[in-house]
Amino acid sequence: MAVLKVTFTKTKRDKLAQVLWVLNWVSVITGVTLFSLGLFLKVEILKRQEVMSDDIHPVPNMLIGVGLCACGINFLGGKICYDCVDTTKFLRWKLIMLPYIICTFFFTFCILVGALMCCFMHHELERSLYQGLHNAMRYYKDTDIPGRCYLKRTVDMLQLEFQCCGNGGYRDWFHIQWISNRYLDMSKSEVVDRLRSNIQGKYLMDSVPFSCCNTFSPRPCIQHQVTNNSAHHNYDYQTEELNLWQKGCRQALLEYYTNIMQSIAIIVITIWLFELFVLTGVRYLQTAMENVVQLGDPDSESDGWILENSLSETARYNFNVIKNLGKCCHVGDDPNIDVPSIDPGQNIQETGPSRQIPLPK
């Protein structure tokens, strides 16, 4: 028994074809939207690729690819639906429509996968930001090394723009040397003692770069000797709110990109539902037009459906088809396996006398 069977008159079939033609062109616009969203996300990632690893580039790449495929598939679908108004033109697409519907179904599945990737990439994004920020802070001081000289400006602009400090917080700067040795006065004993006191020979101190300073704080920025109460008047770093950005840059960037991803996911899911609706209409049009061709009367009523048989029968039929294909590929089932081959060197007389083809007179 057919699943979701609907009877169409000639007028309803024509209207369905015209509506689907319009919807396929709308779907071309949604394909452009997918492409634009993927391009926007890729640009946003590339803008801050110095503080990220390369773990999240597949998401925008997939959106870009799916968007391009959507433009091509829906453009072809619009042409097919436009020709389905005329039964004679439909015959040109009859053998193509079912493969087209199958390919479009898998394409809509790819759209859903893209939306899910946007929703569930929080951990991958956090890991990418952690590793990228960790490396950027390590190379913050290397302003005289080619390939790293831009990282100081990148990190400073990042902390000022997103009002953040460090990877997970401002204390992360306490555990790395962010001042280059070329700017240290080695003639001072306290500098030499600090370098010698560290097992790795790093100049560590409880200070942060200027970009960590909270611009809204009424007090002048305390960026050096942050944990030394005696170094500053009327200051207690444990009780007083510091005039440094409290949020880590990993959390700030994670919130920024998560909002973008969630917005993109909502749009992509909406596009997926729309594409599924259009695909359902194309399936009804295909089955209704095929039944018209079988009846031989272009003006007669015809039935359209989603599945010709029930879901269990369709699954059983497809399983048997796949199983038979597997049997055909098995060597033991070759019907010519036991046919003896003729030896090329065998005497020609054993095969019987040859016959000469008479020439026309």
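## How H1 and H2 pack

H1 and H2 cross in a left-handed way (the near helix is turned anticlockwise from the far one by less than a right angle). Both are DSSP runs (H or I, at least four residues), numbered from the N terminus. This is a predicted model, where local features need pLDDT of at least 70, side-chain atom pairs count only at pLDDT 80 or more, and totals for chains, interfaces and linings use all residues. Residues are numbered from 1 along each chain as its sequence is written, and side-chain values use heavy atoms, with hydrogens and water left out.

The axes of H1 (residues 10-47) and H2 (residues 58-83) come within 7 Å and cross at roughly 165 degrees, so the two helices are roughly antiparallel (angles over 145 degrees). Axes here are lines fitted to C-alpha atoms over the stretch in contact, with angles running from 0 to 180 degrees between N-to-C directions.

## Two sides of H5

On helix H5 (residues 151-162), the buried residues (under 20% relative accessible area, 1.4 Å probe, protein chains only) are Leu 151, Val 155, Asp 156, Leu 158, Gln 159 and Phe 162. They sit on the same side of H5 because their arc around the axis is only 160 degrees, going by directions from the axis to the C-beta atoms. Over on the other side, Arg 153 and Glu 161 are exposed (over 50%).

## Glu 290 on H7

Glu 290 belongs to helix H7 (residues 249-295). With 21% relative accessibility, Glu 290 counts as partly exposed (between the buried and exposed cut-offs). Its C-alpha atom is 8.9 Å from that of Phe 90, though 200 residues separate the pair along the chain.

Definitions and conventions: Angles under 35 degrees count as roughly parallel, over 145 as roughly antiparallel, 65 to 115 as roughly perpendicular and the rest as oblique. The expected span of a helix is 1.5 Å times one less than its number of residues.
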